[in-house]
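Please read the following report alongside the sequence and the model.

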Amino acid sequence: MTDDTIIPGGEPLSPSPNLEIPMEGDSHSNEQVTDGELNEAQREIDGETTQFDGQNGATEERKEFVAPAVGMEFESYDDAYNYYSCYAKEVGFCVRVKNSWFKRNSREKYGAVLCCSSQGFKRIKDVNRLRKETRTGCPAMVRMRLVDSKRWRILEVTLEHNHLLGSKIDKCIKKMGSGTKRKSQSSTDADVRTIKLYRALVINVGGNGNSNLGSRQIGKFTDLPNQLSLRKGDVQAMYNYFCRMQLTNPNFFYLMDLNDEGHLRNVFWIDARSRASCGYFGDVIYLDNTYLSSKYEIPLVAFVGINHHGQYVLLGCGLLAGETIESYVWLFKAWHTCVSGHSPQTFITDRCKALQSAIEEVFPRSNHCFGLSHIMKKVPEKLGGLRNYDAIRKALMKAIFETLKVIEFEAAWGFMVQRFGISDHEWLRSLYEDRVRWAPVYLKETFFAGMSAARPGETLHPFFDKYVHKQTPLKEFIDKYELALQKKHKEETFADIESRSSSPTLKTRCPFEMQLSEVYTREIFKKFQYEVEEMYSCFSTTRLHVDGPIIIFLVKERFLGEGNRREVRDYEVLYNRTAGEVRCICSCFNFYGYLCRHALCVLNFNGVEEIPSKFILLRWKKDYKRLYDANHSSNKIGDTDHTQRFNQLYRSALQVVEEGVISLGHYNVALQAFEESLNRIHNVELKIE
């Protein structure tokens, strides 16, 4: 009988139309036990034998298997079975195959549940037998499945046993012999494979699996590019945290990547709220690798989005062995898997060739851009030693932030490098070659949702700023991680309450201001309101060119230049009355998600009193999450699509929770609704029975 329980972060093991119902593992034909032939040879691999202290018999360096964890993957079913068998022998219990799933036509195995041999109880017909009952109903098990990558992935794990361990292992070993139900792996190839698996999954207790590392050898990415360098006990602390989160945080997801020697290489995790946020705010993602590229003690990488209040929101975290294409590809695929194949519209990263290659492989349809604020932060370091640095920096700022057309940028850049004789400067030359990925003038058709940093002084801040410093160890970060997320969630909740419970003060009589004051969240409206106020600095709107329904307008704007000198700048705005289209050359809408003062002036000039709906983004609305769920709830969900059902229910419940904290009255209604819903669900169960 199959168990269709939803697995956090994984896929349910449920039969599809072309698959057979699994066979119960209690029958003799399916029963398997651990291989008892792994002896001292296992501990003498490649000349490395565990050393014992001659005085007290204690090991100088105790080793143990990495415990089974959701997300572990193996090349084949046999590899997965051998791993769990070796782990069981190390811990002190025996393994039995409880369930197996086979494809109907090919008889190819695609799923299995391995359990402790003490799982379950004797069947009724066996009760009268003289053999003593040895089973205890032990819950220890692993559920695994063949996934799309043709690898076997562990989807569910229970580590706890309800009986003493170690006492039955000898009996299990005795059962292995010529009469064993499982083929003996005494051949050379089988031994090598089994020993290799043992080697691959054994780690030092409290460490990261490298006996040659001291507890303080941290962050040496060049020396150990293929494994995480962590402190003693970090791996166990992280694993304990993941286990706790899977019990307390619905839909928590994590993956751990081991190298060929069994050392931890890469890690990815994402909590339930962040997974929900990926659906809401995964259109633009900033990959924050500050802590990895700057060689912090923890090689942390964070996926960061921006919510409907303009606040940073966490969309996933990872620990990487180094800045390599392989590590980034693994990380992106892990994130891509947990968000059901969703790809961001825009991906913002540091200027890094490895990142560029990884994104091209995993997210080929995304617009990949380099964070402009990261580049500007490097200007003093890269150009500070040049003669006339201040003048060069001023010319660079002018080329980047004040040019509106490509031809203007090219001319300003050429003037800068020729005037100061820096055409051969390596950093500037490579920067110019990558200009289409970072210069605002080339990115006007790319949507950034306010994360472009396209204006002087704007910057992309590290998500865990003020929580992580250079020497923060992983154990400390795990605690700070939860504190940071609690603070961010609290800020978002307060912003939701403020946006829904109060109306902003209007500063003009412009109908555009009144229109969006009732729609946008408070913080986004303030930014739009500033554009409305600045309409009064635009003193002239004239027709420049007419082509049928399309009209090009010229809008003149006054602004203060250097030394508070009054200057005038011209902006071209395209307007199509028939299509309700308005586009300004400054591209404020694509960079920040709302119309600029120049576009508003053109609409006003043409007698338009309401902003066209296409320029009112749903992602900035007060009730955006409710609208998002409404748009996606209409999709048909299949009978066996447990993950999609879980995600939909979780988003809906989370919405009720967030609405319920607005006031005591909201809270009482929400609580009553939950209780009534639960009672109705129980009634459905009774009807089924």
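Helices (H or I, at least four residues) and strands (E, at least two) are taken here as DSSP runs, numbered from the N terminus. With that in mind, the span of residues 571–607 is 38% helix and 27% strand, and its end C-alpha atoms lie 20 Å apart. UniProt lists these residues, in an unreviewed entry, under "domain: SWIM-type"; UniProt positions are given in the numbering used here, feature names are shortened, and annotations may be inferred rather than shown by experiment.

The model is predicted, so that local features need pLDDT of at least 70 and side-chain atom pairs count only at pLDDT 80 or more, while totals for chains, interfaces and linings use all residues. Residues are numbered from 1 along each chain as its sequence is written, and side-chain values use heavy atoms, with hydrogens and water left out.

**The chain as a whole**

The secondary structure of the chain comes to 21 helices and 21 strands. Of its 689 residues, 50% are buried, where buried means under 20% relative accessible area, exposed over 50% and partly exposed in between, with a 1.4 Å probe and protein chains only. Among contacts (heavy atoms within 4.5 Å) with a separation of 6 or more, 63% join residues 24 or more positions apart.

**Sheets and strands**

Two strands are said to pair if DSSP finds at least two bridges between them. An open sheet of seven strands has the order β11-β12-β15-β14-β13-β16-β17, with mixed pairing. Its edge strands, each pairing on one side only, are β11 (253–258) and β17 (367–370). Neighbouring strands of this sheet are turned by 20 degrees against each other on average, direction ignored; axes are lines fitted to C-alpha atoms, for helices over the stretch in contact, and angles run from 0 to 180 degrees between N-to-C directions.

Helix α4 (residues 234–248) lies across β11, β12 and β15, and runs at about 25 degrees to β12. Helix α8 (residues 353–362) also packs on the sheet, where it touches β13 (284–288), β16 (346–349) and β17, its direction making about 170 degrees with that of β17.

A second open sheet consists of four strands in the order β18-β19-β20-β21, and here the pairing is antiparallel. The edge strands, β18 and β21 (581–584), each pair on one side only, and neighbouring strands are turned by 25 degrees against each other on average, direction ignored.

Strand β9 (residues 152–158) has five of its seven residues buried, so it is largely enclosed by the rest of the structure.

| Strand pair | Bridges | Partner pair |
|---|---|---|
| β8 (residues 141–146) and β9 | six bridges | Met-144 and Ile-154 |
| β12 (residues 264–270) and β15 (residues 312–319) | three bridges | Val-267 and Leu-319 |
| β19 (residues 550–560) and β20 (residues 566–576) | eleven bridges | Ile-552 and Leu-574 |

**A helix pair**

Two packed helices are described by the angle between their axes and the distance between the axes. The axes of helix α12 (residues 406–419) and helix α13 (residues 426–433) come within 13 Å and cross at roughly 170 degrees. The two helices α12 and α13 are therefore roughly antiparallel to each other, given that angles under 35 degrees count as roughly parallel, over 145 as roughly antiparallel, 65 to 115 as roughly perpendicular and the rest as oblique. In this contact, Phe-409, Glu-410 and Trp-413 of α12 meet Leu-428, Leu-431 and Tyr-432 of α13. The residues of the contact divide into five nonpolar, no polar and one charged, with Ala, Val, Leu, Ile, Met, Phe, Trp, Tyr, Cys and Pro counted as nonpolar, Asp, Glu, Lys and Arg as charged, and the others, Gly among them, as polar.

**Single residues in loops**

Lys-295, in the loop between α6 (290–293) and β14 (300–306), has a phi near 60 degrees, a positive value in a residue other than glycine. With a relative accessible area of 43%, Lys-295 is partly exposed. Ala-449, in the loop between α13 and α14 (474–501), likewise has a positive phi, near 55 degrees, and is a residue other than glycine; Ala-449 is buried, with a relative accessible area of 1%.

Ser-537 lies in the loop between α16 (522–533) and β18 (538–547), and at 15% relative accessibility Ser-537 counts as buried. Not counting residues up to four places away in sequence, Ser-537 touches Lys-556, Glu-557, Arg-558 and Arg-597.
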